Amino acid sequence: MSEINQAQLDLVDEFEFFDDWMDKYQYIIDMGKQLPEFPEEWKTDLNKINGCQSQVWIHHEFKDGKIKLNAISDAAIVSGLIALLLRIYDNRTPADILATQPEFLAKLGLDKHLSPTRSNGLHAMLQRIGELATSYK
């Protein structure tokens, strides 16, 4: 099993600990609070994600055959969603990113529990990560 598929399974296992969605939302928000620093100079139009209700920036570097991702949002829940995406896709090869469907979204229930605008923003972030992977494959 690939590292990226294992990361998805591990994430789903973590969320099985919570019984209700309020606890899951709080955990997602807490994950977002632990994102690493995102320098102001990375908050450029080039790094900004269009399609998100809140402001989101993704910065990347390609090193040693892997894409290193950093991201931030001005909204707590969106920062948490970013943290989820980084757990799965950060520091992975372009081939691994492109070969892996984001199954964790449905398994966590995010596809049913996010507002339409948050869901659109999440898919915009996934699309950007896919575009980055495609550009380096």
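Hi everyone, let's start at a loop: Asn91 sits in the loop between H3 and H4. Helices here are DSSP runs of H or I with at least four residues, strands are E runs of at least two, and both are numbered from the N terminus. This is a predicted model, in which local features need pLDDT of at least 70 and side-chain atom pairs count only at pLDDT 80 or more, while totals for chains, interfaces and linings use all residues. Residues are numbered from 1 along each chain as its sequence is written, and side-chain values use heavy atoms, with hydrogens and water left out.

So what is the phi of Asn91? Its value is positive, near 60 degrees, in a residue other than glycine. Most residues other than glycine have a negative phi. Asn91 is partly exposed, with a relative accessible area of 39%; buried means under 20%, exposed over 50%, and partly exposed in between, using a 1.4 Å probe and protein chains only. Asp64, in the loop between S1 and S2, also isn't a glycine and has a positive phi of about 55 degrees. Asp64 counts as exposed, at 71% relative accessibility.

Now to helix H3, residues 76–89. H3 packs with helix H7, residues 116–136, at an angle of about 35 degrees, with the axes 11 Å apart. Axes are lines fitted to C-alpha atoms, for helices over the stretch in contact, and angles run from 0 to 180 degrees between N-to-C directions. On the H3 side the contact includes Leu81, Leu85 and Tyr89, and on the H7 side Met125 and Ile129 are among the residues; contact means heavy atoms within 4.5 Å.

H3 has another partner, helix H1, residues 3–15: the axes come within 8 Å and cross at roughly 140 degrees. Here Ile4 and Leu11 are among the H1 residues that meet H3, where Tyr89 is one of the partners.

Where does Tyr89 reach beyond its neighbours within four places in sequence? Its contacts include Ile4, Thr100, Phe104 and Leu126. Thr100 is in the loop between helix H4 (94–99) and H5, and this threonine is buried, with a relative accessible area of 6%.

Last stop, the core. The largest nonpolar core has 46 residues, and Tyr89 is among those that touch the most other members. Such a core is a set of buried Ala, Val, Leu, Ile, Met, Phe, Trp, Tyr and Cys residues joined through side-chain atoms within 4.5 Å. H3 supplies the largest share of this core, 10 residues.
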